[in-house]
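Please look through the structure below with the following paragraphs beside it.

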Amino acid sequence: MTKLLYAKKPEAKNKMPPKDNKAKKEIIWTKKDLIGLEYLSIEEIRLILDHAKSFKEVLARPLRKVPTLRGKTVVNLFYEPSTRTRTSFELAAKRLSADVINIVKESSSIQKGETLIDTGRNLEALKIDVIVVRHNASGAATTLSRALNISVVNAGDGWHEHPTQALLDIFTLEEKLGKIKGLNISIIGDIAHSRVARSNIWGLTKLGANVTVCAPKELVPPGIKELGVKVTSDIDEALKDADAINVLRMQFERDKPDAFPSKLEYFRTFGITEERLKKAKKNIVVMHPGPINRGVEMSGEVADGINSVILEQVTNGIAIRMAVLYLVTHAKKG
Amino acid sequence: MTKLLYAKKPEAKNKMPPKDNKAKKEIIWTKKDLIGLEYLSIEEIRLILDHAKSFKEVLARPLRKVPTLRGKTVVNLFYEPSTRTRTSFELAAKRLSADVINIVKESSSIQKGETLIDTGRNLEALKIDVIVVRHNASGAATTLSRALNISVVNAGDGWHEHPTQALLDIFTLEEKLGKIKGLNISIIGDIAHSRVARSNIWGLTKLGANVTVCAPKELVPPGIKELGVKVTSDIDEALKDADAINVLRMQFERDKPDAFPSKLEYFRTFGITEERLKKAKKNIVVMHPGPINRGVEMSGEVADGINSVILEQVTNGIAIRMAVLYLVTHAKKG
Amino acid sequence: MTKLLYAKKPEAKNKMPPKDNKAKKEIIWTKKDLIGLEYLSIEEIRLILDHAKSFKEVLARPLRKVPTLRGKTVVNLFYEPSTRTRTSFELAAKRLSADVINIVKESSSIQKGETLIDTGRNLEALKIDVIVVRHNASGAATTLSRALNISVVNAGDGWHEHPTQALLDIFTLEEKLGKIKGLNISIIGDIAHSRVARSNIWGLTKLGANVTVCAPKELVPPGIKELGVKVTSDIDEALKDADAINVLRMQFERDKPDAFPSKLEYFRTFGITEERLKKAKKNIVVMHPGPINRGVEMSGEVADGINSVILEQVTNGIAIRMAVLYLVTHAKKG
């Protein structure tokens with residue numbers, strides 16, 4: 001629907017490189033929404049990462065605020081509770097000087113049976129600028145995006161995508177390892193029910209990483225290989241040549257897998273321990289989207305260890321979300 | 001208690017009309033509160049509508065914010081959940097650059113048994129400027145208003161009044177039809193339990209409209225005719241000469257009327273359909289305070305159809321609430 | 001760990017007093033946190049009270065806002081619901097122009113089993129500046145304080161401390177009675193389960209007041225005398241020579257004491273009534289941290305009477321919290 005523009009400047013080709021070192025081809029963001037990494041080009045992903053890098057510098061200042069979105073309003077529309085993602089988006093918006101309104105399921109008219117589209121149209125009629133939506137139905141963000149002229153940012157829709165999480169994972173990886181292309185990345189845990197896994201797979205494979213998913217057999221979704229990943233249920237194989245692992249949260253409270261009657265058993269079979277890491281590359285990067293179940297997905301020692309970049313992921317999440325909120329509200333006609 | 005002032009300028013009477021075309025008599029807002037349309041004069045209603053018109057222009061700007069209430073604090077004190085009204089007030093306050101604090105029943109000390117007046121006095125002691133209160137008891141806003149020196153805005157009290165809703169309905173009607181005087185307006189639905197109906201009746205009759213209420217017999221409150229309205233239980237009669245209809249939300253979750261065992265039956269008897277609209281005036285204006293139960297109060301086609309102004313009502317709600325918050329915080333001594 | 005600095009200026013000692021009347025020794029705030037009055041020196045308490053006095057003047061202005069914390073973010077992390085304390089901190093932060101994020105237990109990842117320290121580290125990674133924490137476990141604020149480099153302000157931890165409440169009580173007392181030293185102060189109610197009592201005892205005894213606690217025998221905690229207070233279960237004795245009483249809220253909903261099967265019986269034995277006050281000093285100051293149970297801890301007449309400073313406490317709470325948020329974010333190296 002929307003596409004990336006290459007503003008060619010052919011007259012510059014045979015000249016000296018311009019003094020201000022501007023890129024010869026300018027990439028322009030043209031999408032009003034961010035729905036998933038499946039729908040982004042490599043250049044668009046790169047544009048978000050580049051903007052995030054600039055915004056991360058803002059976070060290092062004493063006054064961590066820029067007036068970029070002053071007068072704009074971001075609504076966090078959360079049909080699933082999530083302190084962590086909601087707070088991150090709220091902070092990102094406030095650092096851009098936007099106003100933020102939080103709407104959570106408990107106190108909303110969702111209980112009164114209003115449809116998602118009607119809720120979205122209402123917010124649009126309230127003249128807000130961005131809806132950040134989390135919903136338990138896959139496709140909810142797409143539905144809103146199609147129905148509305150204002151920007152929609154997907155903060156997680158069912159088992160579909162959680163694009164800003166994958167973008168912050170990729171940003172952190174690149175910061176640590178200098179590149180994505182050619183890296184071996186293993187995603188470990190409940191792949192079947194993970195939008196984080198899905199978004200990471202789309203993004204990482206587009207950027208040229210070799211992705212392995214490692215999960216109990218029951219939690220490997222059918223057709224996952226078609227996304228270009230290797231599949232294993234052997235944690236040691238997943239760790240063997242990995243440059244980085246992304247360890248997913250086990251949602252025992254939501255979907256108790258029959259194959260894993262206890263957290264302890266999961267930890268014994270798939271949990272990341274210092275012992276297991278010894279057999280991996282020395283500088284392996286350990287990621288987790290949080291919140292961590294210590295002693296389930298990984299030991300406390302690993303979570304707090306020198307390979308862990310878990311808290312850096314959190315910091316980078318703000319930068320990524322600032323970049324996304326900036327780009328979708330400044331989309332140019334393609 | 002408070003009254004509207006006419007600042008007479010008798011010396012101007014025999015002179016040439018002033019160049020800048022200022023009104024000869026200046027209407028001054030003198031009330032610290034907005035409790036209901038029953039207590040407003042025609043001039044005061046007009047003053048709110050005029051200010052809302054100005055504030056609506058602000059909403060059309062790229063930077064939809066004015067510094068009018070900078071440094072002031074508005075507290076949304078909601079004893080009933082309502083995303084829609086709370087969000088509208090929150091946005092209105094933020095567009096005026098006020099700080100906003102949300103207090104909802106679930107997390108409040110109401111559970112601890114504090115009286116409404118003690119809660120109000122506490123907020124007053126916290127040096128806030130406006131309490132926007134929604135409460136399930138009729139008269140709650142009046143109670144607070146009398147106990148406190150700070151401003152109180154009624155966001156719905158029991159079955160009593162919901163003045164900003166009626167004001168935005170009237171604003172929308174006037175915007176669409178150019179006037180209120182002489183219009184035939186039908187209010188359709190559960191009149192007995194509707195503060196929206198009550199506020200609309202007070203406002204519309206004061207401004208000279210002919211108001212008909214249409215409800216199942218069991219949902220016609222006794223004494224309603226004394227407010228100067230016609231009463232019918234025949235939907236076709238309500239539609240016949242109507243310039244506009246205001247279709248109320250059926251609160252099946254709250255007060256299931258025995259007379260209407262099913263939503264379907266309500267829809268068949270009172271629901272607004274395209275077929276029923278064909279027998280009405282061609283340009284009939286269809287309003288609904290939201291959230292809509294599609295297929296109950298009206299069909300989806302009507303809700304989204306060319307006669308519907310439902311989303312314009314939502315936009316106008318922000319303008320009306322900006323006007324109200326501005327006026328009550330800038331009340332002049334009468 | 002941290003200590004108060006006295007920047008001595010010996011060369012000024014034998015000189016004329018400086019014209020601008022600056023203190024000869026300058027007290028510097030060096031703590032990044034406020035955990036409890038037990039850990040503060042007299043000079044530190046005085047520093048908070050002095051700053052609160054300045055901030056109280058801000059609250060009297062038409063524009064009750066200063067840019068002191070612009071660009072900073074305060075997170076209210078509340079594991080127990082408390083409208084009143086949360087609202088007071090939120091207002092204090094907003095009056096200082098800080099951004100505020102509210103995280104309450106209901107919608108947070110606490111349900112997902114994340115540890116307090118992990119939650120804290122996440123907030124730190126989000127580059128926020130202050131965590132205001134309320135938790136049902138005594139020591140929670142200390143735990144966070146030790147784990148994090150950002151500021152932690154205790155908004156009540158279990159039965160341990162509620163320092164800002166005691167500070168506002170002391171501020172109010174001094175405002176009313178001109179001093180704390182030598183005053184007779186009785187704290188009345190459920191001493192055993194009261195962090196308000198504990199913080200008041202630490203602060204008042206440090207500042208030289210004579211403190212009596214009055215409670216049903218079952219609600220006198222063991223070892224309380226070692227804090228330097230007198231103990232009685234006779235309400236008349238507690239009132240006899242008191243310059244002020246601090247009447248605690250009875251938490252019937254939380255810890256129903258078997259010794260007091262009914263609120264009425266509590267009121268008859270310990271409730272503050274006009275009749276009981278007649279036997280006390282004429283100008284006795286009546287305090288209550290709120291929310292009041294009228295007819296339980298005191299009669300409505302006393303709560304609203306001329307001795308009551310309950311609403312002034314509320315106002316002073318904002319000033320105290322502004323002072324605390326200012327000081328912890330501007331701590332100097334000791």
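Chain C can be laid on chain B by a turn of 120° and a shift of 0.0 Å along the axis, with an RMSD of 0.0 Å, where the copies are superposed by least squares on the C-alpha atoms of residues with pLDDT of at least 70 in both. That is the relation of a three-fold axis. This is a predicted model, in which local features need pLDDT of at least 70 and side-chain atom pairs count only at pLDDT 80 or more, while totals for chains, interfaces and linings use all residues. Residues are numbered from 1 along each chain as its sequence is written, and chains are lettered from A and ligands numbered from 1 in the order in which they are written.

Between chains A and C, 22 residues of chain A are in contact with 18 residues of chain C, contact meaning that the C-beta atoms, placed from the backbone, lie within 7 Å. On the side of chain A that touches chain C, α2 (83–95) and α11 (310–329) of chain A each supply at least two residues; helices here are DSSP runs of H or I with at least four residues, strands are runs of E with at least two, and both are numbered from the N terminus. The largest share of that side, seven residues, comes from α2(A).

Within chain C, five strands form an open sheet in the order β9-β8-β7-β10-β11, with parallel pairing, two strands being paired if DSSP finds at least two bridges between them. Its edge strands, each pairing on one side only, are β9 (230–232) and β11 (285–287) of chain C, and the twist averages 20° from one strand to the next. Strand β10 (residues 244–247) of chain C pairs with β11(C) in the parallel sense over three bridges, and C:Asn246 stands opposite C:Met287 in β11(C). Helix α5 (residues 163–177) of chain C lies across β10 and β11 of chain C, running at about 160° to β11(C), with axes fitted to C-alpha atoms, for helices over the stretch in contact, and angles from 0 to 180 degrees between N-to-C directions.

In chain A, the axes of helix α5 (residues 163–177) and α11(A) come within 8 Å and cross at roughly 120°. That makes α5(A) oblique to α11(A), since angles under 35 degrees count as roughly parallel, over 145 as roughly antiparallel, 65 to 115 as roughly perpendicular and the rest as oblique. Among the residues that make this contact are A:Leu167 and A:Phe171 of α5(A) and A:Ile320 and A:Val324 of α11(A).

How values were computed. Two residues are in contact if their C-beta atoms, placed from the backbone, lie within 7 Å.
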